[in-house]
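Let's take a walk through this structure together. Have the sequence and the 3D view open, and follow along one piece at a time.

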Amino acid sequence: MVPSLSNNGVLLLLSPVDKAESPAMLKLCQPEAHRDRIHRRDAMRLTPEVYLVGGGPTFAFGLSNDPDCHVYLVDGGDELALIDCGMADGDSLDRIMENIRQEGLDPSRLRHLLLTHYHIDHAGGAAAFQERFDLITYAAWDAAEALRAGDEVATSLDVAKRAGFYRADYRFRPCRVDRELREGDRVCVGALELEVYETPGHCDGHLSFLLRGRALTYLFAADAVFHGGRVVLQNIHDCSVTKSAESVAKLAGLEFDALLPGHVAIALRDGRKHVEMAHDTFQHLFVPRSFM
Ligand SMILES: [Zn+2]
Ligand SMILES: [Zn+2]
């Protein structure tokens, strides 16, 4: 799959079917210079303060290894933060570091790691990142224990392995959680500030972050809601349709420009409309379609 930036500010994943049509699509969407930049570089500067620096090729843009989620970087000036870190499997961590350098940023300025939830495609690499960098690590109060224990049952890694999502020999390495977050908490990254929203449903201990940046207001929604009003509800012990609906209703009440989810397409403008689509479906007592 390859990424493409449409003319309404939506970063798209082109499926293998779409790929056959990609030259024409890209030509319609983007000036030549912009396309070249996207395809030549392995990191994406979304705006002057937010970058996409990692994510596997299947459900992200192939900036790091599968099945990493989207790994975002927030540049707060004298400090950098990562929103999720992927699994650090193989050379994924090194690829993410190289992507950061390629954007002209110094990885030694990384000070914060915000974990949205304990699924390993988002948080499995936290211990490896902590070994490499002096990071303050943040997670939800009700996710911290499972992360500190590397609890493969609480995080549903056991069933996800059996279902074939992950290698059977992948181990969830316990990691530090330095600060447990609750609704309304704020995390400062240099001159920027992220607001914390508890958004369970996809799983327990799931957080979303709102960043009022200089360029835009961003919602880092992780796996709570996706482009096109989609969700991911799975047959795991802590997934809840009703909690997901409540979380989506909460996010639909926020004002923001960019919807930055944990996988697939990204909307830099009009991000709210995707959350409203999911909220509307829930309000009619249906369950939004899954992005998978
Ligand atoms: Zn997840
Ligand atoms: Zn995910």
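**A tour of the fold**

Start with the open sheet of seven strands, which has mixed pairing and runs in the order S3-S4-S5-S6-S7-S8-S9. Keep in mind as you look that this is a predicted model. Strand S3 (44-47) and strand S9 (179-181) sit at the edges with a single partner strand each, so one side of each has no neighbour in the sheet. If you ignore direction, neighbouring strands in this sheet are turned by 25° against each other on average.

Now zoom in on one pair inside that sheet. Strand S6 (residues 80-83) and strand S7 (residues 110-114) pair in the parallel sense, with four bridges between them. Look for Leu80: its bridge partner in S7 is Leu110.

Let's step back for a moment and take in the whole chain. The protein chain has 10 helices and 15 strands. Of its 292 residues, 48% are buried. And what about contacts along the chain? Among those with a separation of 6 or more, 63% are between residues 24 or more positions apart.

Next, move on to strands S11, S12 and S13. Strand S11 (residues 192-198) pairs with strand S12 (residues 207-212) in the antiparallel sense over five bridges, and Leu194 stands opposite Leu211 in S12. On to the next partner: S12 and strand S13 (residues 217-222) also run antiparallel, joined by four bridges. Here Leu210 stands opposite Leu219 in S13. With four residues between them, S12 and S13 form a hairpin.

Last stop: a pair of helices. Helix H9 (residues 241-252) packs with helix H10 (residues 272-283) at an angle of about 135°, and their axes are 9 Å apart. That angle is why H9 counts as oblique to H10. The crossing of H9 and H10 is left-handed. So which residues in H9 and H10 meet? On the H9 side they are Ala245, Val248, Ala249, Leu251 and Ala252, and on the H10 side they are Val275, Glu276, Ala278, His279 and Phe282.

Key. Residues numbered from 1 in each chain as written. Chains lettered and ligands numbered in written order. Predicted model: local features only at pLDDT ≥ 70, side-chain atom pairs only at ≥ 80, totals over all residues. Axes fitted to C-alpha atoms, helices over the stretch in contact; angles between N-to-C directions. Helix = DSSP H or I, 4+ residues; strand = E, 2+ residues; numbered from the N terminus. Parallel < 35°, antiparallel > 145°, perpendicular 65-115°, else oblique. Left-handed = near helix turned anticlockwise from the far one by under 90°. Contact = placed C-beta atoms within 7 Å. Pairing = 2+ DSSP bridges. Buried ≥ 20, exposed ≤ 12 C-beta atoms within 10 Å, placed from the backbone.
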